[in-house]
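Here are a few friendly notes to read alongside the structure. Please keep the 3D view open and follow the points in order.

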Amino acid sequence: MKVTDHFKASKDKTLFSFEIVPPQKGSNIQELYKNIDPLMEFNPPFIDVTTSREEYIYIEKDGLFDRKITRMRPGTVGICASLQHKYNVDAIPHVLCGGFTKEETEYLLVDCHYLGIDNLMALRGDPMKGEKYFKPTKGGNTYASDLVLQIDALNKGKFLHDNKEITYKPDFCIGVAGYPEKHIESPSLEADLKRLKEKVDAGAHYVVTQMFFDNQRYFDFVNAARAIGIDVPIIPGIKPVAVKKHLHLLPQVFWLDMPQHLITEIEKAKNNKEVRQIGVEFAIQQSKELIEFGVPCLHYYSMGKSDNVYNIAKALF
Ligand code: FAD
């Protein structure tokens, strides 16, 4: 079922959803299930599965380094298929521009269609590890809006090159990313919102936001988006702070501000166990305010161990 249909079916009730990261290559999927199992108590209508782009590794041989390319966390579409089968839930693969030619993307979309995946999250992806700027893959999509156009074309029955008649067209529901505190590369929030509008105009059906800790940023973002005609659902992404180093890491990586009272609490914490508890309590309060605002869904970034997301969901859903 499409994400947007889940929102319609829920009427005004706020839904619970979360995002998982595929395990490292060589791990067992049972580890993933162990983290997901407890969260199913809260009936998520959908679960997102991230995609990690390729990276370089250097292999030493006779004193020389040979550069190879690898993916540390492959398997996103396979994991989605297994989640749909095991939990009877919609699973959403994140599809990236970076690292894929348009042809490879087309094959991936066809696989998703065959596997009964109804939703896709279309993203550009970050620069490769060790590179400062995003470089589009030769023959790939440059921006998320290009990827949305490609998916939308397939929804309309158009392959990239051949005019093969599609008798059973996919009808993917497409999500895209939004940034309440602007994307790190964007010259301004206003310029970034215009880019978001381009993604929606290209065919995106809903937006999931980058994590934020100040709800006012989200409220302002939604108002500004509505003012320029972005009328699709905008789902807040929530990340519970889990370790002390998040104080520096999250603002650096995701370009966000944290409220001073949260910073003070975390700084006072004696260990990461206390930080994890502070993160849970903060996320509960943050979520309560967002539910009151009437958000259709709260989307949690679970990243590995899910006990904190479980405790948040237990208090709210
Ligand atoms: P875009 O929408 O393409 O925007 C990228 C930048 O380019 C922005 O600054 C935008 O303003 C600018 N821009 C857009 N169009 C144009 C144009 N035509 N001309 C000039 N500038 C333009 N990353 C992963 O690697 N894997 C994941 O699974 C993943 N999941 C994510 C899920 C969510 C909900 C979010 C919010 C982010 C996720 N990311 C993921 C991170 C994301 O890939 C990065 O934030 C990336 O840097 C931007 O992706 P985007 O889709 O927002 O890009």
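This is a predicted model: local features need pLDDT of at least 70, side-chain atom pairs count only at pLDDT 80 or more; totals for chains, interfaces and linings use all residues.

1. Start with helices α7 and α10, the latter covering residues 272-293: their axes come within 10 Å and cross at roughly 25°. Angles under 35 degrees count as roughly parallel, so α7 is roughly parallel to α10.

2. Have a look at how the two helices meet. The crossing of α7 past α10 is right-handed. On the α7 side the contact is made by N215, Y218 and F219, while α10 brings Q286, E289, L290 and F293. Sorted by class, the residues of this contact are 4 nonpolar, 2 polar and 1 charged.

3. Now stay with α10 and turn to helix α11, residues 307-316. Here the axes come within 9 Å, with a crossing angle of roughly 40°. This makes α10 oblique to α11. As for handedness, α10 passes α11 in a right-handed crossing.

4. Which residues make the contact between α10 and α11? From α10 come R276, V280, A283, I284, S287, K288 and I291; from α11 come D307, N308, N311, I312, A315 and L316. The contact of α10 with α11 has 7 nonpolar residues, along with 3 polar and 3 charged ones.

5. Next, the sheet. Eight strands form a closed barrel, in the order β1-β2-β5-β6-β7-β8-β9-β10, and their pairing is parallel. On average, and with direction ignored, neighbouring strands of the sheet are turned by 30° against each other.

6. Strand β8 spans residues 206-211 and strand β9 spans residues 234-238; the two pair in the parallel sense over 3 bridges. To find your place in this pair, look for V208, which stands opposite I235 in β9.

7. Helices pack on this sheet too. Helix α6, residues 189-202, touches β7 (173-178) and β8, and its direction makes about 175° with that of β7. Helix α7, residues 215-227, lies across β7, β8 and β9, running at about 160° to β9.

8. Helix α7 lies across strands β7, β8 and β9, and N215, Y218 and F219 of α7 take part in the contact with α10.

Terms used:
Residues are numbered from 1 along each chain as its sequence is written. Side-chain values use heavy atoms; hydrogens and water are left out. Two strands pair if DSSP finds at least two bridges between them. Helices (H or I, at least four residues) and strands (E, at least two) are DSSP runs, numbered from the N terminus. Axes are lines fitted to C-alpha atoms, for helices over the stretch in contact, and angles run from 0 to 180 degrees between N-to-C directions. Contact means heavy atoms within 4.5 Å. Angles under 35 degrees count as roughly parallel, over 145 as roughly antiparallel, 65 to 115 as roughly perpendicular and the rest as oblique. A crossing is left-handed if the near helix is turned anticlockwise from the far one by less than a right angle, and right-handed if clockwise. Ala, Val, Leu, Ile, Met, Phe, Trp, Tyr, Cys and Pro count as nonpolar, Asp, Glu, Lys and Arg as charged, and the others, Gly among them, as polar.
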